[in-house]
Amino acid sequence: MQLTGSLRHCRRRKIRFQDQLFSKCRIFSCIALHSMILEFMDSSIALYNSLIVLGGPERPHLSGICPDGPIEVEIGFGDGDYLIRRARENPGTTFIGIEQKPSLIVGVSKKVAALQVDNIRFLQSCAKDAFCDLFTPQSLSRVYALFPDPWPKRKHIKYRLFSTDYLRMLNNRLIPDGEGLIVTDSEDYGKWIVKQALGTGFTIEHSRVPAQFNTRFERKWSEQGQNGFYQVLLKKMQHLDI
Ligand SMILES: C[S@@+](CC[C@H](N)C(=O)[O-])C[C@H]1O[C@@H](n2cnc3c(N)ncnc32)[C@H](O)[C@@H]1O
């Protein structure tokens, strides 16, 4: 899609602003950072590749951010290359990339701007908050996470994202026939997710798969000699009210 001159100018200004903002962010508390970004976003939330920010006084509505049509979510997109590839291959779908680290959002938004990809929205948030506060029931067609943090130590298991509670929420936010895909380098985490998914309204398929996503972490594990990964595919078969 070609951008108009003024839109392109706005987008460039927005990215410069984000750069300045995020380079300063280390010295602000999260709440202050969020309200600063929100202040900026008030005037630009509908712009190209909006950065959606949760945690301010007003909750953004998906309908104001995404055009009609399927919505696909990547959790923890890292360097964003896979998100960008999927978005370019599926121009009729809106992609929401959720990432906790602001610096990654800045980096990926620059790539997206350079490539003029117009169907990606960024959400700087923990994925738990995003699912709770932004997404509405039966609004998402597909959700995926590639190489999510496995938190291997027993005392850190509580930080794992794909717990039963989270998977129930995921079920609720997916449309009928929607699906969730998780690929992990940690077989232990993969098997734990399968157990957590029992009774959450999904059919569960799990398998070992070869490298195929070409993400930074997939390359990292492959270079270290790992030649297969653990994939959990969740297909929604029953809707859960939560
Ligand atoms: C191990 S990296 C994988 C990055 C990328 N998917 C890849 O394959 O290269 C995990 C990513 O998820 C992000 N992340 C971790 N927990 C998250 C959460 N609760 N919500 C959103 N992003 C999260 C991290 O900031 C990090 O970028």
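**Group meeting: strands, a helix and a ligand shell**

Okay, let's start inside a pair of strands: Val-143 has Gly-180 in strand 6 as its bridge partner. Quick housekeeping: residues are numbered from 1 along each chain as its sequence is written. And this is a predicted model, where local features need pLDDT of at least 70, side-chain atom pairs count only at pLDDT 80 or more, and totals for chains, interfaces and linings use all residues.

So, back to the strands. Strand 5 (residues 140-146) and strand 6 (residues 174-184) run parallel, joined by six bridges. Strands pair here if DSSP finds at least two bridges between them, and the elements are DSSP runs numbered from the N terminus, with helices being H or I of at least four residues and strands E of at least two. Strand 6 also has six bridges to strand 8, and those two run antiparallel. One example there is Val-183, whose bridge partner in strand 8 is Gln-231.

Which residues of helix 7 are buried? Leu-167, Met-169, Leu-170, Asn-171, Asn-172 and Arg-173. Buried means 20 or more other C-beta atoms within 10 Å of the residue's own, exposed means 12 or fewer, and partly exposed is in between, with C-beta atoms placed from the backbone. Among the elements covering those buried residues are helix 6 (127-133), helix 8 (187-197) and strand 7 (202-209).

Over to His-239, in the segment after strand 8 (229-236). His-239 has 14 other C-beta atoms within 10 Å, so it counts as partly exposed. Setting aside neighbours within four places in sequence, His-239 is in contact (C-beta atoms, placed from the backbone, within 7 Å) with Pro-176 and Gly-201. His-239 and Phe-202 are 37 residues apart in sequence, yet 8.8 Å apart in space, C-alpha to C-alpha.

Last stop, the ligand. It has 20 residues around it, the closest being Gly-76, Gly-78, Ala-127, Thr-215 and Phe-217. Where does the ligand lie? Domain 1 (1-135) and domain 2 (145-242) both give residues to the shell, so the ligand lies between them; the domain bounds come from an automatic or database domain assignment.

Note on methods. Near = placed C-beta within 6 Å. Contact = placed C-beta atoms within 7 Å.
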